[in-house]
Amino acid sequence: TPPNFRRRVLQTSPFLLVFYVTSVICNSGPIADVVIDRYDIPRVCPREVETEDFIRYHFNGSFHVDGKKFDSSHDRGKAFISQVGLGRLITGMDRGLLGMCVNERRRITVPPHLAYGSIGTGGIIPPDAVLVYDVLLLDIWHPDDKVQIRTLSKPESCNRTTVASDFIRYHYNGTLLSGQAFDSSYSRNSTYDTYLGQGDLIKGMDEGLLGMCVGERRVIIVPPFLAYGESGHGTKVPPQATLVFEVLLADVFNPKDDLIVHVKEVPETCTRRTATGDYIRYHYNGTFQDGTAFDSSYQRNSTYNTYIGMGYVIQGMDKALHGLCMGEKRRIIIPPHMAYGENGVGKIIPGSAVLVFDIHVIDFHNPKDPVEIKITHKPQQCDLTSEADDLIQYRYNCSLMDGTLLDQYDSPSTTTLGTNSVILGLEEGLSGMCVGERREVIIPPHWAHGENGAAGVPKSAVLFFELELVDLQKGVPQGYMFVWLGDGPDPLFPAMDLNGDKKVPLEEFSDFIMLQVKEGKGRLRPGVDTDSIIKDMFNNQDVNKDGKIVEEELKPASEEPQQASKDEL
């Protein structure tokens, strides 16, 4: 084309001007259709823009001819929102946005006939302008969209799922569809706690949280019209934003819930079950419904001890401790209105928390309980039985009611009954036994070591003894060294004076006493050296200390005081 003709065309035809410039720049003729450069495509694209979809996107708009910017959503600080394919955008953009993925960046070049044509618009876009849009897609939804739920993980067992009117506690991370975070319960180190189905949540979450198990993780995608809609929320949730929640359900209960008890293990024999007024010792592990531990008696190596039905523990536990056997194991699930309610306990137990206790009953008793005695073996011949003042030998095993061995016999133990040398319950259990008899004896703490316990014996522990009586020597009353078994000789002195010489030295006195014992007429205190006893008795009667007893020194029975000395006859 001759230069003068080219200049003439430029001066007379604005359309040809655009045509010419376009031809020069593209070097291949005018742009006939939208040109799309997808220069940044996300790896995952679950959904592409289709006709009638609503989208939210950022863009920079510039002229193709010189790159000059004519518009920018970034500069306005607000993404652009529109519906695609229904003529609400210039035709070129309606076409150029189709097939886009969220987080995709593309450059869309729009020829004039698919933009503002030969007229331009508003003094901003000149006639026949080729427009270039750099677009970042942030969001996409359709009026027919529903809440999308994708389960990430689920516990193996799920006895209950959430329903409307439940109260739930859950953790979440909230992001926009582009992945931009707007909120997180984890950052506050506190669950979000709310009722379901009562309008306390956005509609999409009310729906998306239904049917969940405690411990379940799911992704809930909420379209804008089921979230915050055209208004958005605060500064972090823009208008018409699709919300993505990754949720972990920590807890669920219903205000109508009662205590739930699962019996895990019951002993073969259970002769008695706990009742109001009993005092119980039990071990426990305390967790929340998601398995997070908050307390354990095992870690303290000490049982939890309390009265039942008297308000010393939370309402749910007070109720759950009824009807238990010694050795029984139970899982107890306590709703918050039967535990610590909306307030919780400090930083340990959050408000409205369901508590799960795995308990193991060690023992229980009632303050009115007697010693329980069960005879497991009794010899056919049983002429003598143990009683107060008797010297006995016995073997024993002592354990707690859960079988923990506290003490075990290697050789017989010796004691005199009635002298408070053993605990009261053992004294009771050893009384009335024959030699060779065996017993099982259950001793409540008020008959044993009480609330304080003893070395190796826990506080308020019920004790279990296995007893065998090995030997029995009949005794004499406390404070005496010798007693007559029936009426003694009367007069006494002539009977003592074995050789009739009117005086009784120590040797003769000893022979007399031992004769009474041999013939079964009298008894010396067992377990004490015989010679020492007799010598003490002799010295007590030898008033003038001349080494012999005469009749005048011997106190007749009628003249003895009401409480005789231990050495007196």
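Rings and cysteine links

Author: Let's start with a group of rings: Tyr57, Phe59, Phe63, Phe70, Phe80 and Tyr133 make up one aromatic cluster. Keep in mind that this is a predicted model, where local features need pLDDT of at least 70, side-chain atom pairs count only at pLDDT 80 or more, and totals for chains, interfaces and linings use all residues. Residues are numbered from 1 along each chain as its sequence is written, and side-chain values use heavy atoms, with hydrogens and water left out.

Reader: Which rings count as a pair, and how many aromatic pairs does a search of the whole structure find?

Author: Rings of Phe, Tyr and Trp (its six-membered ring) pair if their centres lie within 6.5 Å; planes under 30 degrees apart are stacked, over 60 edge-to-face, and the rest tilted. Searching the whole structure turns up 27 aromatic pairs. Take Phe59 and Phe80: their ring centres are 6.1 Å apart and the planes stand at 90°, so this pair is edge-to-face. It links distant parts of the chain, with Phe59 in strand E2 (residues 54-63) and Phe80 in strand E4 (residues 80-83), 21 residues apart. Those element names come from DSSP runs numbered from the N terminus: helices (H or I) have at least four residues, strands (E) at least two.

Reader: Is Phe59 buried or exposed?

Author: The scale goes like this: buried is under 20% relative accessible area, exposed is over 50%, and partly exposed is in between (1.4 Å probe, protein chains only). Phe59 has 6%, so Phe59 is buried, while Phe80 has 32% and is partly exposed. For a tilted pair, look at Tyr394 and Tyr396, with 5.9 Å centre to centre and 35° between the planes. Both Tyr394 and Tyr396 are buried.

Reader: What lies over the face of Phe288?

Author: A charge sits over a ring if NZ of Lys or CZ of Arg is within 6 Å of the ring centre and within 35 degrees of the ring normal. Here Arg169 lies over the face of Phe288, 5.9 Å from the ring centre.

Reader: On to cysteines. How many disulfides does a search of the whole structure find?

Author: A disulfide is a covalent bond between the sulfur atoms of two cysteines. The cut-off is a pair of cysteine sulfur atoms within 2.5 Å, and the whole-structure search finds four disulfides. If you number the bonded cysteines of the protein chain in sequence order, they pair 1-2, 3-4, 5-6, 7-8.

Reader: Which handedness does the disulfide of Cys45 and Cys101 have?

Author: The sulfur atoms of Cys45 and Cys101 are 1.9 Å apart. The torsion about their S-S bond is about -100°, so the disulfide is left-handed. Cys45 sits in the loop between strand E1 (35-40) and E2, and Cys101 in the loop between helix H4 (91-96) and strand E5 (105-110), 56 residues apart. Cys45 is partly exposed at 28%, whereas Cys101 is buried at 2%.

Reader: What about the link of Cys382 and Cys434?

Author: That link is left-handed too, with -60° about the S-S bond of Cys382 and Cys434. It connects distant parts of the chain: Cys382 is in the loop between strand E19 (372-377) and strand E20 (391-400), and Cys434 is in the loop between helix H9 (424-430) and strand E23 (438-443), 52 residues apart. The sulfur atoms of Cys382 and Cys434 are 1.4 Å apart. Cys382 is partly exposed at 28%, and Cys434 is buried at 1%.
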